[in-house]
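Let me put the structure up, and then I'll talk through a couple of spots in it.

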Amino acid sequence: MSDPIVMVVKRAGNVRIHTFVASFAYNNIANATHIIETENQLVLVDGQFLAPYARAFREYADSLGKPIERLYLSHRHPDHWFGTGAAFADVTIHALPETMSFIEEHGEDSRSDHWKLGDLLPDRIVVPQKLAGPGEEMIDGVRYVFDRVTDTEIDYHLTIKLPELGVYIAQDLLYSGTHLYLTKHMDHWIRVLQDMLVEDYELFLPGHGLPADKNEVARNIEYLSAARQAIGNGLADDAFKDFMLQRYPERRCPGIFDIYLPRLFGGASDY
C-alpha cells in the first residue's frame, strides 16, 4: 500500500485544518479525512476505510498532542466509517440519525460483505453514539454550521461549514481529481453543487482526493452533466465506463466504476 498524503490545508489564528488522504493507487479510492485543530482539542471528520490507513490517521491525530473531542461521520458508505472500528473505538462519534441507524442495523452485514479485504477490515463495528443534525454549534471557539443534504451521492449526507474560516467540508458531495461515485440522483446533486458555487466559501474539503476550490466544484458539475447526457444517449455498463474514462483521462481511481455500476444500471439499491 502506498503512503498517505498528509497536509495542513488552512491556518487561521490558533486554528489549523489538516487533511489525510489514503492511496490513489491500485483499487484504492483516495479516501480523505480531516482534522479541525483548535487551541485545546481536535475534531475529526470521517474515519477512513482500510484499517492500516485508519490507524495511520489516528497516529497522526495523536501526534498533534491534543485530545480528540469528537468525530463526525458524513454518511453511511463503509469507506467512511469502517476505520472507526480499527482506530477510533474510544472516540465519541456523531452522525445523522439515518447514518446511526444504518450502521447499527447493517454494520456487521456490511463488514461481512467485504470479507475479501481480509486483514484490511476492522475487527469490529462501532455504532455512533451522538446524533448530529442541521444547526450551529461553537466548539472550542470555532463556529460549526451543520446541514443534512438528501439524494445526491448518498441518501443522507452531513455537511459541515466553518463560516469564519471560509471552509466547507463537503465530503462525498465533491470528488477532487478522482472519478465520482454516480447515482440516479444526478439532477439534484448538480443543484446542490450549483448552490455551493454561490456561497461564500473558498476551501472545499472532499471525501475523495485533495482539498479543492470552486473550480473543482464546477468540474464536478460538468462531470455529472456529461454522465447524465451519456446515459440519456443510451450508454450503460462497460460502454458508459469506457466513455467516461476516455472523456476524463486525468481523473484518478477508476476502480470506483466497478463499485457503483451495478447500482446505477442493475437492480441493486440506489446507493
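Let's begin with two helices: α5 passes α6 in a right-handed crossing. Bear in mind that this is a predicted model. For orientation, α5 covers residues 214-232 and α6 covers residues 237-247. Their axes come within 11 Å and cross at roughly 145°.

So who makes the contact? On the α5 side you have E222, Y223, A226, A227, A230 and I231. Facing them from α6 are F240, F243, M244 and R247. If you sort the residues of that contact by type, you get eight nonpolar, two charged and no polar.

Okay, on to the strands. How many bridges pair β8 with β9? Five, and the pairing is antiparallel, with β8 at residues 135-139 and β9 at residues 142-150. If you want one to click on, G135 has F146 in β9 as its bridge partner. The two strands form a hairpin with two residues between them. In that turn, have a look at D140, which has a positive phi of about 50°.

Then β9 pairs again, with β10, residues 156-162. That pair runs antiparallel too, joined by six bridges.

Methods. Residues are numbered from 1 along each chain as its sequence is written. This is a predicted model: local features need pLDDT of at least 70, side-chain atom pairs count only at pLDDT 80 or more; totals for chains, interfaces and linings use all residues. Side-chain values use heavy atoms; hydrogens and water are left out. Two strands pair if DSSP finds at least two bridges between them. Helices (H or I, at least four residues) and strands (E, at least two) are DSSP runs, numbered from the N terminus. Axes are lines fitted to C-alpha atoms, for helices over the stretch in contact, and angles run from 0 to 180 degrees between N-to-C directions. A crossing is left-handed if the near helix is turned anticlockwise from the far one by less than a right angle, and right-handed if clockwise. Contact means heavy atoms within 4.5 Å. Ala, Val, Leu, Ile, Met, Phe, Trp, Tyr, Cys and Pro count as nonpolar, Asp, Glu, Lys and Arg as charged, and the others, Gly among them, as polar.
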